[in-house]
Amino acid sequence: MSPQLSTPSKAPFFRDIRTLKWVLQLLALFAVFALLYWLYGNYQENVAKSSIQTDLRFLDNPANFTIPGNDLDQSQPVRDAFVEGFLNTLRVAFIGVVLATILGTLIGIARLSKNFMVRTLGTVYVELVRNLPLLLLLTFMNLAVVLQAFPRIENAWLPLDLFVISNRGIAIPWFIGSPAQLAIGVVSAALIAFVVARVRIRQADKSGKQDRAWLFGIISFLVLVVLIWLLFGYGWELPYVDGRGTTGGLRLDPSFFALVASLVIYTSSHIAEIVRGSILAVSKGQGEAADAIALSGSQKMRLIILPQAFRIAMPALGNQYLNLIKNSSLGATISYFELTQIAQITVGNGSPAVPAFSLTLLVYLAISLVTSLVVNFFNRRLALVER
Amino acid sequence: MITWIRRNLFRSITDSILTVVSASILGFVVLQVFQFVFITGRWEIIQVNLKILLVGRFPEDMMFLVGFSILATCFSIASLASGVSRTVETTPRLAGRLWELFQRFGLIIATSAFLIVLAGDLDAILFGAYVLLAILGGRLFGRARRNASLRKLPGWLWVTINATLPLVLIFLTMGQAALEEWGGFLINFYLAVVSIALSFPLGVLLALGRRSTLPLLRWLCTAYIELLRGAPLFVLLLLAGVALEFFIPASIAPDAIFRAVTVFTLFTAAYLAEVIRGGLQSIPKGQAEAGKALGLSTFKITFLITLPQALRNVIPAQIGQFISLFKDTTLAGVALSVFDLLNVGTAITKQDDYLGQGLIYESLAFVGLLFWVGSYVMSRESQRIEKKLGVGIR
């Protein structure tokens, strides 16, 4: 006689884990949609009461304000002002990211120096800056340094007679001609310099001598720039004080200077910590191997340690770049005409607030996404390919 | 000594040059700061405006509530800190313990002493004594939880008591004064404490949701976290400043503090969620599997086994998040015209008595000192906890 085998009966559908999971998720989705619907309903109701626009038509209205240092006309649409603000944000972000990376790397290395004084200087800088609010640094830069410590235009500082520094901004020597000409000249010189450097590397690989690719690249870049300058008759222009302002060169707004300076100072203190941590994370054997083949201190740092450290640092650095870009919105507090300031002004001039600020948020989101795509691309390129 | 100098300062010619350059930079800065603090600085602007800088124009007869809420916060922090730590102090000698305390909190003690001297009245001294008492009381309460006497008390209840006590008092205080009378450092402190406390549950839920096996839930949480992390806090605050009233029923009239707390809470929750997710990822799988083997439900496994360990592992990162929130509260001052410490700091230089005298250095130095001491001590504490937990070494 065989034992009675009872086949387990199927659980009823309301106790089936798969059904339960989906019910739970749909409930969550429903709750989120209910919340959004409630918010949206409130919005519609409140907007209808005060008859405010809800679409982006305001972009076609005349801007009614001007941007210093820009020939934007008052009658041009708000759209153009937004584009100009966007470009200004990109300017600050680009220059800020480059300078903060350089300064941060130097200070990160300094914090690990064998030299006691250099180490102390690095530590003091990082601990001082990292624990202060960025807005405080920005306010200090703007109110205390640029507007108060910098001299009035009549007795402006003229270091080497190349710059004009006053509380009306900083003027630097600049290229004569259109930005397109400048871009073409620089880019073609850079391309040729890049090719020269690659050729040097290839030759060095064959001959076994040092490549000095950077040295050759930079020298050929400079030679080419000078050649292009001579051949096409471009020129440089030095700024000079002219009555109540400066003429010639490129004038940087005081607010631009304050914003970039404080962003660079603040972000570089964070980058320094990342670089320091990444250098410490490079395995000790690498440095010892470099010592064993008698590389000099700077060669060891430049050729062995730093490339590997940056591989480790890349994701964290990307986060800092994103922070810097988002923090550039603080420029609005010192009237630098970047995206946020433009949005604030048009809202003050009567543009509807919700669409204007939502548009601003979307633009920042887009910039963040593109930046993280670029960072991820480099991260993949740099990452170790493991089995 | 000589060998130390030679080895650390003058190893080679370049090294010597570097030493001289950085020593002169450091020396210049130290000299300038010394000169500014003790000789050229005109500090009476701080002394005269001390009350506005610290608490704004808070009504005098309600100040005791402010005091109570600060005492309660100190009590809870001390209690949580000594209740959570599992290690017994290894330095038995009193002198050694005092030295350790001095290293950890000497800066805060010195700053408080400085503020008391600046205020120069009996109330300030008394309040300092009360704060010390509250911290001692909190330690005792935390100890009692760790030793036998309060063992019976469930952990969640103990944490809830500690968390709600200061929050209730803070909310009570917030209700007592009109918004215009609020100001100064008090606002930064309250905004940071309230927002971190409110964002904590939301952050935990978002982190769990992002780690969930249910796809819809995971996508929703990921979308929220990434959207909020891609947006600048300042623009969110501006948006809340002009548009929050459109999204809530007309019966609630939001004031600036309400707007600020809403934005800070929603924003910080996204960042906290990422921190907590990191903690959850650091828990080995075996923990959850062991729970399953015991027949615990998923809910119990999460809240009794994995989540507590995850939260403990990321205490340093959570403190880091709190520090950055603490620093970011200054943004509310500009975006929502809240009269916070930084705003007060720039405003007092425009008073009739001080206008156009270039006193911005003095006032910003004072504002910076308060923020710096707070953030620095907290970050040192978080490094200490990190070392104790051995997160980086394991």
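The buried residues of helix 3 of chain A are covered by elements of both chains, including helix 2 (78-111), helix 4 (134-149) and helix 7 (254-281) of chain A. Chain B contributes helix 2 (13-40), helix 15 (315-335) and helix 17 (360-389) to this cover. The model is predicted: local features need pLDDT of at least 70, side-chain atom pairs count only at pLDDT 80 or more, and totals for chains, interfaces and linings use all residues. Residues are numbered from 1 along each chain as its sequence is written, chains are lettered from A and ligands numbered from 1 in the order in which they are written, and side-chain values use heavy atoms, with hydrogens and water left out.

Helix 3 of chain A comprises residues 116-130, 15 residues in total. Helices are DSSP runs (H or I, at least four residues), as strands are (E, at least two), numbered from the N terminus. From first C-alpha to last, helix 3 of chain A reaches 21 Å, close to the 21 Å expected at 1.5 Å a residue; the expected span is 1.5 Å times one less than the number of residues. Its buried residues are A:V118, A:G122, A:V126, A:E127, A:V129 and A:R130. Buried means under 20% relative accessible area, exposed over 50%, and partly exposed in between (1.4 Å probe, protein chains only). At the helix start, a side-chain oxygen of A:N115 comes to within 3.0 Å of the backbone nitrogen of A:M117.

The largest nonpolar core holds 149 residues. Such a core is a set of buried Ala, Val, Leu, Ile, Met, Phe, Trp, Tyr and Cys residues joined through side-chain atoms within 4.5 Å. A:F82, A:F357, B:L191, B:L237, B:F264 and B:F366 touch the most other members.

A:S328 lies in the loop between helix 9 (297-327) and helix 10 (339-348) of chain A. Its relative accessible area is 1%, so A:S328 counts as buried. Neighbours within four places in sequence aside, A:S328 contacts A:T89, A:V92, A:L259, A:L263, A:E338 and A:Y364.

Chain B has 17 helices and zero strands. Its C-alpha trace spans about 70 × 70 × 45 Å along the principal axes. Of its 394 residues, 44% count as buried. Among contacts in chain B between residues at least 6 apart in sequence, 77% join residues at least 24 apart.

Key:
Contact means heavy atoms within 4.5 Å. A polar contact is a pair of N or O atoms within 3.5 Å; within protein, one must be able to donate a hydrogen and the other to accept it, and residues adjacent in sequence count only if both atoms are side-chain atoms.
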